[in-house]
Amino acid sequence: MMPDLGKYADAVLWSYAASLALLVALVVLSVLRGRKIRAEMEKVENRMTRNG
Amino acid sequence: MIALLLRDLKLAFRAGGGFGLGLAFFLIVTVLVPFSVGPQSSLLSTIAPGILWLGALLACLLSLDRLLALDWEDGSLDLLATAPLPLEAVVSIKALAHWLTTGLPLVLAAPFLGVLLNLPVPGFFWLVISLLIGTPAMSVIGTFGAALTVGLKRGGLLLSLLVLPLYVPTLIFGAEVARRGATGMETQTPLLMLGGITAATIALLPFASAAVLRINLR
Amino acid sequence: MSIAAKANTLWEYANPRKFLATSERVLPVFWISSAICLVVGLIWGFFFTPDDYKQGSTVKIIYLHVPSALMAINCWLMMLVTSLVWLVRRHHVSALAARAAAPVGIVMTLIALATGAIWGQPMWGTWWAWDPRLTSFLILFLFYLGYVALWEAIEDSDTAADLTSVLCLVGSVFALLSRYAVNFWNQGLHQGASVMRAAAVTGADTEEKVSNIYFYPLLLCMIGFVLLFIALVLYRTGTEIRARRIKALLARERVSG
């Protein structure tokens, strides 16, 4: 399953781990903030329409 | 225009701050370097041009936040913006005043500090030349940075973050001239590049600074 | 005629509502296709490509390094274009897109720098060399930081959009200047080609020299990164538009109430 990475295994694995972690963090943070802002906007909009 | 220049110069002298502080900072940085890297004179003379350039650059940076902030606070910037003088000219004058009070003293002080760092003899000439050509660009770029951050309460640190990357080309070519001069290599190419950058920033950047200032005064 | 029609359709998306509706529709396509490209490309590259005879298995880092470096630069270019559009045509979506893209650019630059450093350690024997390419990326990183910091520092969003746009324009010129300055500076140091420069040229940094076995998975990864970038920027722009709307609504509420 795992390819033989030879003596550079550390370098390859670390670079994949670091990059994927950064990418995932970016996506997760973006989505979390997006959800929060969207919920907040709906709340404010609802309040506005109720109050006229 | 000349009245404005004289007013800025007078203010700088009276307030004392920018003028003396920049020089003192330059002196202290230069004195601290041997403490941090060791007293071997061969090492010091190798890094002297770079250290002196970096010290001058940081001293220049230090006085930038006062460049426009005082005029902003007491409202005279609004008056200048509505004056018949175009804002591009105002920011150019401001940059010139900054250079006369900060850049020029640094250039004049640099050879004396060079002695402290064992700068090789041919290096003195090129150090002064490169600083003389490079520091105006630093003042003009700094004016742009000051104009960007003028409305902010704590703009000082942000100003450094914005301005330092813009100083990279000037620093590279300027320090290269000084280094090559100190080791007796040809200096024409970096000198021309340095001159080109300075000329271009003086010619073009005031427009950006004025545009930014107009946005901030809106 | 056709150009005018095309331009018209493009500018329609300057309307925030229209932008939100459309991006909502196309976003899943971008998310899914980028995920497919990245998963397939990275697995292909990681598991099914041979080791390079000189670089060993470190050649596999190329599938992350090159696409992220590509996007780090293209992201700044995109910000430059959207900043110009904002300054000329005053479309809020454009300015907000630039704001949304900047953190993505920071992460791309970080990935490029990190993978480069990890690759450089076994190959050049050092984590960091002041090679022109590396140095330029570091400077680009600093520009991104300054740009984001300026956005965060200014309260009024229109002023912030104006100031950051001008900074982006001026910064682009200086970033380009730095690129040439850095090139010159390092050659001045090293006097022509040294081992390091040679390694950078024949190594992972130039894709023309990459043979076909490596090229197809690399291409897939690059497409995946582009799609991911588009998805992220569309999504984050939507977030910024909503955040701006909240601000506007709250301001109106204060005035009326």
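Guide: A helix here is a DSSP run of H or I with at least four residues, numbered from the N terminus. The model is a predicted one.

Visitor: Which residues make up helix α8 of chain B, and how far does the helix reach?

Guide: Helix α8 of chain B covers residues 155-182, which is 28 residues. From its first C-alpha to its last it reaches 37 Å, close to the 40 Å expected at 1.5 Å a residue.

Visitor: Where in α8(B) does the kink lie?

Guide: The kink is at Y167(B), shortly before the proline P169(B), and amounts to about 40°.

Visitor: And is α8(B) mostly covered or mostly uncovered?

Guide: Mostly covered, as 24 of the 28 residues in α8(B) are buried.

Visitor: Changing topic: how many helices and strands are in chain C?

Guide: Chain C has eight helices and zero strands. Its pattern along the sequence reads α-α-α-α-α-α-α-α. Of its 257 residues, 47% are buried. Among contacts in chain C with a separation of 6 or more, 79% join residues 24 or more positions apart.

Visitor: Let us take one residue there. Why does Y63(C) count as buried?

Guide: Y63(C) has 30 C-beta neighbours inside 10 Å, and the cut-off for a buried residue is 20 or more, so Y63(C) counts as buried. This residue belongs to helix α3 of chain C, residues 62-89.

Visitor: What does Y63(C) touch, leaving out residues up to four places away in sequence?

Guide: Y63(C) touches G41(C), L42(C), G45(C), P217(C), L218(C) and C221(C). As for I43(C), 20 residues apart from Y63(C) along the chain, the two C-alpha atoms are separated by 10.0 Å.

Visitor: Now the interface. How many residues of chain A are in contact with chain C?

Guide: On the chain A side 26 residues are in contact with 31 residues of chain C. The chain A side has 16 nonpolar, five polar and five charged residues.

Visitor: How do α1(A) and α4(C) cross?

Guide: The axes of α1(A), residues 9-51, and α4(C), residues 92-124, come within 9 Å and cross at roughly 175°. Angles over 145 degrees count as roughly antiparallel, so α1(A) is roughly antiparallel to α4(C).

Visitor: Which residues meet there?

Guide: Those of α1(A) include W14(A), A18(A) and L22(A), and those of α4(C) include L110(C), I111(C) and W119(C). By class, this contact has 13 nonpolar, four polar and no charged residues.

Methods
Residues numbered from 1 in each chain as written. Chains lettered and ligands numbered in written order. Predicted model: local features only at pLDDT ≥ 70, side-chain atom pairs only at ≥ 80, totals over all residues. Helix = DSSP H or I, 4+ residues; strand = E, 2+ residues; numbered from the N terminus. Expected span 1.5 Å × (residues − 1). Bend = angle between axes of the 7 residues up to and from the residue. Buried ≥ 20, exposed ≤ 12 C-beta atoms within 10 Å, placed from the backbone. Contact = placed C-beta atoms within 7 Å. Nonpolar A, V, L, I, M, F, W, Y, C, P; charged D, E, K, R; others polar. Axes fitted to C-alpha atoms, helices over the stretch in contact; angles between N-to-C directions. Parallel < 35°, antiparallel > 145°, perpendicular 65-115°, else oblique.
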